[in-house]
Amino acid sequence: MAISLYWGSGSPHSWRVLLALEHKGLTYESHLLHFDKQEHQSPLMLKMNPRGRLPVLKDGEYVVFESVAVLYYLDVKYPQGPIFGATPEEAGVIMRVICEFQTYAEPALSRIVHAIFSDGVAHALEELTDAMHVVAREARTIEGRLSKELWIVGSQYSAADMVIFPWIQVLRRALDKTAAAELGARFLPMEKHYPALARWIGRIESLPGYARTYPPHWH
């Protein structure tokens, strides 16, 4: 059965699944959809995911969406190169870290990135500054983990790294914009403010297959 992945360039949720597929060495058919053309809202896509969101993974006749659910499915179906740990205890920690990130960091990250890319920084600077404080607090927690281990949970690359990494990269790209200079002053350069995070990014970028996950429109 062939794996097909429907995804969008620059989508942190899509990027997670690409990282997992490459890590596991799985062969897959890549279907890059264009958000500006509303291709993710086509009848075909809405039949697979009525919410009209990406990514969507189709494995034979089975369809799964919501990025963490896709990661979990891939790990159970294709256990080589495990991404949810080798023991129930490791799996519990990995899932807990993912849940914490999605609950406490992701909403703030989404607000910041959307405002910057839609030229809305000037109209919501106070709110975005508050959101950056939230992100910085969570980044310090991750920095603490990475100052003790190579990966976010323990000594092995896992789903926790795959979930968090794309958002950090998207945030860095957004904060590089001139309009976001004030917001990014305490976050960039990462090598200065979050050196362990910066080294972690370098480790992921050096992994086999990473180049195939990189958002095409960022080149």
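Trainee: Why is Glu126 called exposed?

Mentor: Exposed means over 50% relative accessible area, buried under 20%, and partly exposed in between, with a 1.4 Å probe and protein chains only. Glu126 has a relative accessible area of 66%, so Glu126 is exposed. This is a predicted model, in which local features need pLDDT of at least 70, side-chain atom pairs count only at pLDDT 80 or more, and totals for chains, interfaces and linings use all residues. Residues are numbered from 1 along each chain as its sequence is written, and side-chain values use heavy atoms, with hydrogens and water left out.

Trainee: Where does Glu126 lie, and how far is Glu126 from Gly81 in space?

Mentor: Glu126 is part of helix α5, residues 125-146. Helices (H or I, at least four residues) and strands (E, at least two) are DSSP runs, numbered from the N terminus. Between Glu126 and Gly81 there are 44 Å in space, C-alpha to C-alpha, and 45 residues in sequence.

Trainee: Is Ser4 buried or exposed, and why?

Mentor: Ser4 has 9% relative accessibility and therefore counts as buried. Ser4 lies in strand β1, residues 3-8.

Trainee: What does Ser4 touch?

Mentor: Contact means heavy atoms within 4.5 Å. Leaving out residues up to four places away in sequence, Ser4 touches Glu29, His31, Val56, Leu57 and Lys58.

Trainee: What makes the link between the side chains of Ser4 and Glu29 a polar contact?

Mentor: A polar contact is a pair of N or O atoms within 3.5 Å; within protein, one must be able to donate a hydrogen and the other to accept it, and residues adjacent in sequence count only if both atoms are side-chain atoms. The side chains of Ser4 and Glu29 are joined at 3.2 Å, as a polar contact.

Trainee: Which residues of α3 are buried, and what covers them?

Mentor: The buried residues in α3 are Ser67, Val68, Val70, Leu71, Tyr73, Leu74 and Asp75. Their cover includes α1, β3 (56-59), β4 (62-65), α4 and α6.

Trainee: What makes a space a pocket?

Mentor: On a 1 Å grid over the protein atoms alone, a pocket is an open set of points with protein on both sides within 12 Å along at least five of seven lines, and lining residues have an atom within 4 Å of a point. The largest pocket holds about 580 Å³, where a volume is the space filled by probe spheres set on the points, and grid points are joined across faces, edges and corners. Its lining has 25 residues, with Ser11, Pro12, His13, Arg53 and Trp167 nearest the centre. α4 gives the largest share of that lining, seven residues.

Trainee: Which residues lie nearest the centre of the second largest pocket?

Mentor: They are Ser9, Gly10, Ser11, Phe35 and His217, out of 16 lining residues. The second largest pocket has about 270 Å³ of space, and α6 gives the most to its lining, with three residues.

Trainee: Why does the radius of gyration of the protein agree with that of a compact globule?

Mentor: The radius is taken over C-alpha atoms, and the globule rule is 2.2 Å times the number of residues to the power 0.38. For 219 residues a compact globule would come near 17 Å; the protein has 17 Å, so the two agree. The C-alpha atoms fill a box of roughly 50 × 40 × 30 Å along the principal axes, and 49% of the 219 residues are buried.

How values were computed:
On a 1 Å grid over the protein atoms alone, a cavity is a set of points where a 1.4 Å probe fits but cannot get out, and a pocket is an open set with protein on both sides within 12 Å along at least five of seven lines; lining residues have an atom within 4 Å of a point.
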